[in-house]
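Good morning, colleagues. Please look at the sequence and the structure as they come up, and keep both in view while I speak.

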Amino acid sequence: MTRPALRILSLGAGVQSTTVALLAAAHVLPPLDAAIFADTGWETDEVYAHLDRLEAEVFNPGGTPLYRVSAGHIRDDALNPTSRFASMPLHIRNPDGGDGLLRRQCTDQYKLRPLKQKARELLGYPVPYAVPRGLHAEMQIGISRDEFHRARDSDVQYLSSAFPLLHLPGAADGREGWTRQDCLRYLRTHGWSTTPRSSCVGCPFHTNAHWRNLRDTQPKEWADAVAFDHAIRAGNARGNARGRPLLGTAYLHRSRQPLDQAPIDRATPREWAERQTDLLDQAAETEIENGCSPWSCRGGRG
Ligand code: SF4
């Protein structure tokens with residue numbers, strides 16, 4: 001493959017992509033030509049504040065433009081009968097009492113598509129112009145060694161995927177590639193321990209730990225998620241308006257109970273397993289959890 005014309009960071013604004021941004025600014029990783037954040041419109045205030053800080057303290061001083069792109073507001077679109085809505089992975093209680101899960105289309109619609117469109121535009125060939133063969137941008141994606149199975153080649157010829165964390169030396173266990181814990185340690189020692197989890201406020205993939213944290217520390221966002229959960233019980237508004245109602249009832253929590261009554265104080269088997277990790281890492285894990293990356297939604301973790 002020819003050399004990439006641009007090197008672009010896919011900025012999810014969570015732990016791994018923030019680490020890549022800082023390492024590039026510190027010249028540990030190659031410099032970036034641009035960073036793109038795909039905004040679903042429903043991140044927490046913490047995430048938007050984190051983005052602002054990254055822009056002010058990392059991207060602007062380094063001369064790297066940060067582009068915030070959007071394909072709509074995922075929460076508003078779900079409740080608006082006139083909006084096109086790409087379904088969220090809502091937990092369904094079927095009429096026969098069985099469990100179901102709606103197909104996840106939101107990551108592609110609200111994150112990947114706007115990201116790809118912006119990359120094409122930066123290459124000089126926005127939709128509908130065809131990108132000449134051979135011209136491509138390298139998309140830097142923050143995937144750590146513990147989730148290497150999420151690394152995939154690009155599905156479009158104008159983008160190539162690069163996973164810089166997978167090849168970095170200096171991991172705590174001496175192996176090639178940084179783990180999430182290596183990233184957390186780097187963030188802590190470089191003044192970015194407040195890096196938040198990046199994902200939609202009401203993502204149905206949230207763990208009990210995430211819901212508890214939202215309830216206990218971000219009451220405004222928790223109330224917003226609870227209100228949304230009530231509002232989507234019969235599925236998305238457009239489907240109902242078009243005479244295609246949901247068969248069954250939809251919930252944000254996997255217990256298929258209303259969010260404000262769901263057993264979120266119960267530790268899942270994964271949480272118990274994580275409590276066996278060393279105390280330092282456990283503290284960091286509580287502080288900063290995984291989020292939804294455009295290229296590898298991490299919302300299902302837990
Ligand atoms: S965080 Fe959840 S709801 Fe939001 S785009 Fe990712 S999978 Fe969809």
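Let me begin with a definition: a residue is called buried when its relative accessible area is under 20%. By that cut-off Phe-228, at 0% relative accessibility, counts as buried.

The mean pLDDT of the protein is 90, and 90% of the residues score at least 70. Residues 278-289, however, have a pLDDT below 50, although in the model this stretch makes 25 contacts beyond its near neighbours in sequence. Where pLDDT is low, the predicted coordinates should not be read in detail.

Now the overall composition. The protein has 10 helices and eight strands. Of its 302 residues, 52% count as buried. Among the contacts with a separation of 6 or more, 68% are between residues 24 or more positions apart.

Helix α1, residues 15-25, packs against helix α2, residues 45-62, at an angle of about 10°, and their axes are 11 Å apart. The angle makes α1 roughly parallel to α2. Which residues in α1 meet α2? On the α1 side they are Thr-18, Ala-21, Leu-22 and Ala-25, and on the α2 side His-50, Leu-54, Val-58 and Phe-59. Sorted by class, this contact holds six nonpolar residues, two polar ones and no charged ones.

His-27 has a positive phi of about 65°, although it is not a glycine. Is this residue buried or exposed? With a relative accessibility of 70%, His-27 counts as exposed.

Strand β2 itself contains Ala-38. This alanine is buried, its relative accessible area being 3%. The C-alpha atom of Ala-38 is 5.7 Å from that of Ser-70, a residue 32 positions away along the chain. Beyond its neighbours within four places in sequence, Ala-38 is in contact with Leu-11, Val-69, Tyr-110, Lys-111, Pro-114 and Leu-115.

Next, the aromatic residues. How many aromatic pairs does a search of the whole structure find? It finds three, and I shall describe two of them. The ring centres of Trp-42 and Phe-228 are 4.8 Å apart and the planes lie at 65°, so this pair is edge-to-face. Trp-42 sits in the loop between β2 and α2, whereas Phe-228 belongs to helix α7, residues 219-231; the pair thus links distant parts of the chain, 186 residues apart. Trp-42, at 3% relative accessibility, counts as buried, and Phe-228, at 0%, counts as buried too.

The other pair I wish to show is formed by Trp-211 and Trp-222, again edge-to-face, with 6.3 Å from centre to centre and 70° between the planes. Trp-211 lies in helix α6, residues 208-217, and Trp-222 in helix α7, 11 residues apart. Both tryptophans are buried.

Let us move to helix α5, residues 180-189. Seven of its 10 residues are buried, so α5 is largely enclosed by the rest of the structure. The buried residues are Arg-180, Gln-181, Asp-182, Cys-183, Leu-184, Tyr-186 and Leu-187. Following α5 comes Gly-191, with a positive phi near 80°.

Finally, some points of backbone geometry. In general, most residues other than glycine have a negative phi, and most peptide bonds are trans. Where does this model contain a cis peptide bond? Val-127 and Pro-128 are joined by one, with omega at about 15°. Pro-128 is placed in the loop between α4, residues 106-123, and β6, residues 137-140.

Arg-256 is a residue other than glycine with a positive phi, near 60°. This arginine is found in the loop between β8, residues 249-251, and α9, residues 269-274.

Thank you for your attention.

Note on methods:
Residues numbered from 1 in each chain as written. Predicted model: local features only at pLDDT ≥ 70, side-chain atom pairs only at ≥ 80, totals over all residues. Heavy atoms only, no water. pLDDT = per-residue confidence, 0-100. Contact = heavy atoms within 4.5 Å. Axes fitted to C-alpha atoms, helices over the stretch in contact; angles between N-to-C directions. Helix = DSSP H or I, 4+ residues; strand = E, 2+ residues; numbered from the N terminus. Parallel < 35°, antiparallel > 145°, perpendicular 65-115°, else oblique. Nonpolar A, V, L, I, M, F, W, Y, C, P; charged D, E, K, R; others polar. Phe/Tyr/Trp six-rings, centres within 6.5 Å; stacked < 30°, edge-to-face > 60°. Buried < 20%, exposed > 50% of the residue type's maximum accessible area, 1.4 Å probe, protein only.
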